Structures are given as structure tokens and as C-alpha cells.
Amino acid sequence: MLFELWSPHADSVDLVTFADQSHPSPPVVISSTDTQEADFTEDAVIPLHLVDERWKVDVDLPPATQYLFRLTTPYGTFDRLDPRGRLATGSGGRSVVFEPHFDWNDQSFTPLPIPHWVIYELHAGTFGGSLDGVTAHLDELADLGVTALELMPLGEYSGEQSWGYNPSLPYAVESSLGGPDALKRLVNEAHARGIAVLLDLVYNHFGPQDLDLWRFDGWFENDGGGIYFYNDWRSETPWGATRPDYGRPEVRQYIIDNVRMWLSEYHLDGLRIDSTVNIRNAHGHSGPVGDLDDGWSLLAEITGVVHAEFPDA
């Protein structure tokens, strides 16, 4: 299992695992090799190696293992959740090793042509209490004539009650709603009833609460958010100074790979990107004042990637 991290200002990075899921004992250092198998009955600290500007280690960890990345930098030492982790105990908690295998049976599903979509937008928490709760009502939605569900944002957010427009961990499915497997069950069962599934995504800002990406490895400029964010006037949004730096290649790739993840790993049929005006323009209106060329081109690139790689989405 490959663990990988982008942290340009780190002097070293360790993968810290926790045997005690609630009260971790003092860590035990395990010497690093390219691929390892280790006894994780005790906590472990596993060094990562810098390869092609990424910190990496290939190590076997059992599913449900909780972990963090420990970054040692000129600015201090920081324990961070996995920015690309698919599951967490919650924002501000720990990342969790997730078993990606799922028994899909939707191979024969083809969404109706878009003109025939009757879209029902819902918030999983209020509609069904969880993603599995939504699944339990799919027959009623099908009887109603719904042909597409649009789920409000599911990226791990601060607390357990939110509309979802404050993503802390964009790659993790909100744990209080059931996590990744619950979303896969919902999509699988929706497809069995001829219902397409869409997801709302938030890239105009992250957080701002419980935001591990903020000053991720300690570096920042102008009182800004560090490597994942603009560190000047372009950072300001109505929800905090947490607009991602769309021009930085690593951040741009982070967002584009997130788009790919939702469509490939979760078999989603389409995406809605929230408040694109706040991606295209720093002031949230039609330009030219404040227009963000990087934001415009990012949206175009996302559209191109989806059309090329997921032509049915």
C-alpha cells in the first residue's frame, strides 16, 4: 500500500500508526524499507522517503488502522491527516486505512439521456440520517419519478451537522454519514433502480474549520494559508481566506485528481461544481476586475479531463 505526501518544506515525514484507537501509546520506530510488513499491535513510526518531490513509503497496514503524517520542518513539527485519505475518524481526528474493494453490480447501468433527468437534490443527513438512510428510500424516489439524485457535498467537514460546503478533507467521505462504503452502496442501489447519481463539489474554498491543509507544512506568506492556498489578495472568499491556489501545479492536480476519484471510484454519473463564479473571479462576480486566469483554466481543464476520460459523465 503506497502512502504518498506532497510537502515541499518538510525535512522529513513519518507515517504514524495507532494501535490503541482512542489513547495512543508512545510510538515505536520501525526502520524503513521499500516494502514492509510489520506488527502493528504497538504504535509505529515509519519514515517516508523523498522520491520525485513526493514523500513516499510502501507498507502493508490492515484495514481500519488509524494513522497520521508527522512532518518535521524548519517551522515546527506537525501531525497531519492524509490530504488524499478516503476515510477519517472525523475532521481534526485521524485518517483511516480503507479497503477499496467493493462488489459492484451496476455494469449494465446506463443513465437516461440528460433531457429525461428528473433531478432530486438532497442532503443525506436530513433526508435519511445517513447515506444508508437515503438508500432505504430509493424505491420511494423511483416511484416519485426521480431519475437522478444530486447529493449535497460529502467531503469530510467540521462537526457532524453541516450542509457540506465547508470541506476539511476533500477526498474523504463524511464519516458521520457512513463513509466511502455507504456511498458506494447508495450508488449501486440507485443504479439498480435506473437512477443516476450526481455530487456537488466545493473547490471555491476549503474549510475554514478543522482544516489540516491550512499552513500544512508550516510555510506561509502574508498571513496566508500556506502551500495549498493563495497567499495574497486572491485568497479572500466570503467564507474565509481559503481559496486554493489554482495556479500551483500540485494544488491544481489535487483538485483534478479529486474529480477523477468521484467518477471512477464511486461510479458517479455527473458532478456539480459549486459557485464557479468564486473560482473564476476573486470577488465573486463577472470580471474583468479580479478575474482569476488560473481559475478559468482550471474549470476548462476539469471539463476536458471529464469529457476525455469519462465521456458518459
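Student: What do the buried residues of helix 4 pack against?

Tutor: They pack against helix 2 (131-135), helix 3 (138-144), strand 12 (148-151), strand 14 (167-173), strand 15 and helix 5, where a contact means heavy atoms within 4.5 Å. Helices (H or I, at least four residues) and strands (E, at least two) are DSSP runs numbered from the N terminus. Before going on, please note that this is a predicted model, in which local features need pLDDT of at least 70 and side-chain atom pairs count only at pLDDT 80 or more, while totals for chains, interfaces and linings use all residues. Residues are numbered from 1 along each chain as its sequence is written, and side-chain values use heavy atoms, with hydrogens and water left out.

Student: Ok, and how many of the 14 residues of helix 4 are buried?

Tutor: Ten of the 14 are buried, so helix 4 is largely enclosed by the rest of the structure; buried means under 20% relative accessible area, exposed over 50%, and partly exposed in between (1.4 Å probe, protein chains only). Among the buried residues of helix 4 are Leu183, Lys184, Leu186, Asn188 and His191.

Student: What happens just after helix 4?

Tutor: Just past the end of helix 4, Gly194 adopts a positive phi of about 80 degrees. Gly194 is also one of the residues in contact with Phe109, along with His191, Ile195, Ala196 and Asp269, once neighbours within four places in sequence are left aside.

Student: Where is Phe109 found, then?

Tutor: Phe109 is in the loop between strand 10 (95-96) and strand 11 (119-122), and it is buried, with a relative accessible area of 16%. Its C-alpha atom is separated by 9.8 Å from that of Ala190, although the two residues are 81 residues apart along the chain.

Student: Switching to the sheet: what order do the four strands take?

Tutor: The order is 11-12-15-16 in an open sheet with parallel pairing, and two strands count as paired if DSSP finds at least two bridges between them. Strand 11 and strand 16 (270-273) are the edge strands, each pairing on one side only.

Student: How many bridges join strand 15 and strand 16?

Tutor: Strand 15 and strand 16 pair over four bridges in the parallel sense, and Leu199 stands opposite Leu271 of strand 16.

Student: New topic. How many aromatic pairs are there?

Tutor: The count is 13 aromatic pairs, taking rings of Phe, Tyr and Trp (its six-membered ring) as paired if their centres lie within 6.5 Å, with planes under 30 degrees apart called stacked, over 60 edge-to-face and the rest tilted. One of them is the edge-to-face pair of Phe3 and Tyr67, at 5.2 Å centre to centre and 80 degrees between the planes. This pair links distant parts of the chain, since Phe3 is in strand 1 (residues 2-5) and Tyr67 in strand 8 (residues 66-73), 64 residues apart.

Student: Are Phe3 and Tyr67 buried or exposed?

Tutor: Phe3 is buried, at a relative accessible area of 4%, and Tyr67 counts as buried at 4% relative accessibility.

Student: And why is the pair of Trp214 and Phe229 called tilted?

Tutor: The ring centres of Trp214 and Phe229 are 5.9 Å apart and the planes are at 50 degrees, so the pair is tilted. Trp214 is partly exposed, with a relative accessible area of 28%, whereas Phe229 is buried at 1%.

Student: Which cluster do ring pairs link Trp214 into?

Tutor: Ring pairs link Trp214 and Phe229 into a cluster with Trp6, Tyr171, Phe206, Phe216, Tyr228 and Tyr254.
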